[in-house]
Amino acid sequence: MTSLLTARPGLHDLSDGTLQQVLAHWRRTIQLGNEHYQHLAPGSLALALSLFQDALLMADVLLEQWPDADVAFAAYVVSHHNLADTLLQLDETDEAATHLCVAHERLERLRDDPGQPASRRDAAERHLVRTLAELERFAHRHGSLLLARRMSEHLLSQQMPRGVLH
């Protein structure tokens, strides 16, 4: 599968036309991933996982550059949540928890960043409702201790200086 992200040299300063192509490709990728996910067969789940991983790469670009924050944040959250659901089907509970935590934490950082326009902070707040609901659902089904551990590990990895080994 050819990806728009690998077909160009960089991810910064994309034209509006290219961003529209990324969004359209993200939508097709999510739809195809959902179709494979619904089969719940091992090969189909592996393909869904790959498609959702591709979708997350595109959502990262949209999160940074798409002018409508609600659309961009929705793509980002859907990508992480679809990955988490697929990973749960593949019995990768720790990795699923990580995706839920990463999505929530990134939106929290955007909401709390005074350098972000108010419209983006407000959109982040709206989408945090969904990420929090997913975290609560996960904690209810799989345990809050696992979720707390994954969140702590993720936050610590964000704060550790590069190159420090323990």
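What you're looking at is a predicted model, so take it as that. The chain has 6 helices and 0 strands, and from the N terminus on the elements simply run α-α-α-α-α-α. There are 166 residues in the chain, and 42% of them count as buried. If you take the contacts with a separation of 6 or more, 64% come from residues 24 or more positions apart.

Now for the inside. In soluble globular proteins, nonpolar side chains tend to be buried together. Here, the largest nonpolar core has 38 residues, and those with the most contacts inside it include Trp-26, Trp-66, Phe-73 and Leu-110. Helices α1 (16-39), α2 (42-65), α3, α4 (93-112) and α5 each give two or more residues to this core, and α2 supplies the largest share, with 10 residues.

Next, have a look at Asn-82, which sits in helix α3. Is Asn-82 buried or exposed? Its relative accessible area is 15%, and because the cut-off for buried is under 20%, Asn-82 counts as buried. Leaving out residues up to four places away in sequence, Asn-82 touches Ile-30, Asn-34 and Phe-52. Tyr-37 is 45 residues away from Asn-82 along the chain, yet their C-alpha atoms are separated by 9.1 Å.

A search of the whole structure turns up 1 cavity of 30 Å³ or more, and about 60 Å³ of space lies in the largest cavity. Which elements give two or more residues to its lining? They are α3 (69-89) and α5 (118-142), with α5 providing the largest share, 5 residues. To find the spot, look for Ala-84, Asp-85 and Leu-88, then Leu-100, and then Glu-134, Arg-137, Phe-138, Arg-141 and His-142. By type, the lining divides into 4 nonpolar, 1 polar and 4 charged residues.

Note on methods:
Residues numbered from 1 in each chain as written. Predicted model: local features only at pLDDT ≥ 70, side-chain atom pairs only at ≥ 80, totals over all residues. Heavy atoms only, no water. 1 Å grid on protein atoms, 1.4 Å probe; cavity = no way out; pocket = protein on both sides within 12 Å on 5 of 7 lines; lining within 4 Å. Points joined across faces, edges and corners; volume = space filled by probe spheres on them. Helix = DSSP H or I, 4+ residues; strand = E, 2+ residues; numbered from the N terminus. Nonpolar A, V, L, I, M, F, W, Y, C, P; charged D, E, K, R; others polar. Core = buried A, V, L, I, M, F, W, Y, C linked by side-chain atoms within 4.5 Å. Buried < 20%, exposed > 50% of the residue type's maximum accessible area, 1.4 Å probe, protein only. Contact = heavy atoms within 4.5 Å.
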